[in-house]
Amino acid sequence: MKGSFKLGKVAGIGIFIHWTFSLLILFIIYINYKSGQNTEQIIWSVAFILCVFITVLLHELGHALAAKNYNITTKDITLLPIGGLARLERIPEKPSEELIVAFAGPLVNITLAFITGIFITIPDTSEQLMAELSHGINANNFFLNFFLVNFWLALFNLIPAFPMDGGRILRALLSFKLQRHVATRISARIGQLLAMAFILFGFFTSPFLIFIGIFVIIGAQVEADYTESKFMLKGFKVQDVVMKNYPTIDANEKIKTAVALVLDSQNKNFLITEDTVPVGTLNRDQIITALSEKGANEFIYNVMDRNLVYLDSSSLLENIFELIQLNKSRLMLVMENNELVGTLDIENLMEFILINEVKINNAHDEKKK
């Protein structure tokens, strides 16, 4: 993620913090200063926020280490002002595996709350609790606040709505009896209904609930669409969608040549060759950026993407869907017996999904007749 700074590695996983995190710290300092708190109270508040984000990091590490048991690597973890983001290589599709990986994060918070609860005295009544918390973060209530934050983080993440852990837990449980795309659709709809309740309630209480509701509605739909698309590819191979006619540009040509090809066709991705051998790829956005920054007479070999992605023509599309998604801005090379037989890009794949969906719907309509 752009604008992130590496803090180090834990269990081989890169830990990053986004620059906007500093804005959160400044905001906390400003709010506490405006409310009349002294320097010591402000320091306690900042320290608490840092502890909360260490907790968020541990939560994400819980997911990552659970996924590692199933040979799923985590690319990195990034800390943001709104929480943490663990980029898993893929989401486990076996219900039992997804259940464990999804629950591992909230389990970290439950464990931290339980351990903290052993060493603190929890007020007996809500009035006493509010009295304890009414003076902001300080030495006396620091761990009480830490206990409450972990309790609420666990509870919040267990809400059965994508992209929260609870949505994935619900899908995993439904997947024991239903097909994954059906379980995802049901989980997404339940999450979106809850999100609408958040938004409605937020109008009368807190704008933050409106933000969460919108976030859940979008996240649930993205997850449902992704799983549905993957299901539509079931049984098909790369060779079924390979593009055998694809545009090429010689690496020694200039950017103006690529610009002319973009303007003269609907092509957005180009294979770059040198003596007919693939050496890179170039897409429309890269062409426009190169034209803007380097000019029309820059050579293509200086701006092309040299990271070639190879796909085996016999590979099942459902098994490499994540790989294709990760490289959706690139033109991918399809190989058969170590020979180039064509290319594939995300746009062509999505067109194939749409056409396949129409065929299935037509077949269903025919059966009804």
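Which strands does helix α10 lie across? Helix α10 (residues 284-294) lies across β6 and β7, and runs at about 80 degrees to β7. Axes here are lines fitted to C-alpha atoms, for helices over the stretch in contact, with angles from 0 to 180 degrees between N-to-C directions; contact means heavy atoms within 4.5 Å. The helices (H or I, at least four residues) and strands (E, at least two) are DSSP runs, numbered from the N terminus.

The model is a predicted one, so local features need pLDDT of at least 70 and side-chain atom pairs count only at pLDDT 80 or more, while totals for chains, interfaces and linings use all residues. Residues are numbered from 1 along each chain as its sequence is written, and side-chain values use heavy atoms, with hydrogens and water left out.

Back to the strands. The open sheet has three of them, in the order β5-β6-β7, with mixed pairing; two strands pair if DSSP finds at least two bridges between them. The edges are taken by β5 (248-250) and β7 (277-283), each of which has a single partner strand, so one side of each is left without a neighbour in the sheet. Direction ignored, neighbouring strands of this sheet are turned by 35 degrees against each other on average. β5 and β6 (residues 269-274) run parallel and are joined by three bridges, with I249 opposite I272 in β6.

The loop between β6 and β7 holds D275 and T276. D275 has a positive phi of about 55 degrees although it is not a glycine, and T276, not a glycine either, has a positive phi of about 65 degrees. D275 is exposed, at a relative accessible area of 67%, and T276 also counts as exposed, at 73%. The cut-offs are under 20% relative accessible area for buried, over 50% for exposed and partly exposed in between (1.4 Å probe, protein chains only).

α7 has 23 residues and reaches 32 Å from its first C-alpha to its last, close to the 33 Å expected at 1.5 Å a residue; the expected span is 1.5 Å times one less than the number of residues. Its buried residues, among them R180, H181, S187, A188 and F198, pack against α3 (95-119), α6 (165-175) and α8 (207-232). A188 itself is buried, with a relative accessible area of 0%. Leaving aside neighbours within four places in sequence, A188 is in contact with F162, A220 and A224.

As for aromatic rings, the count comes to eight pairs. Rings of Phe, Tyr and Trp (its six-membered ring) pair if their centres lie within 6.5 Å; planes under 30 degrees apart count as stacked, over 60 as edge-to-face and the rest as tilted. The rings of F151 and W152 have centres 5.4 Å apart and planes at 80 degrees, so this pair is edge-to-face. F151 is partly exposed, at 41% relative accessible area. One aromatic cluster is formed by W44, F48, F142 and F143.

F48 turns up again beside N145: apart from neighbours within four places in sequence, N145 is in contact with F48, L133 and I137. N145 is found in helix α5 (residues 142-157) and is buried, with a relative accessible area of 14%. The side chain of N145 reaches the backbone oxygen of N141 at 2.9 Å.

Notes. Polar contact = N/O pair within 3.5 Å; in protein donor to acceptor, adjacent residues only side chain to side chain.
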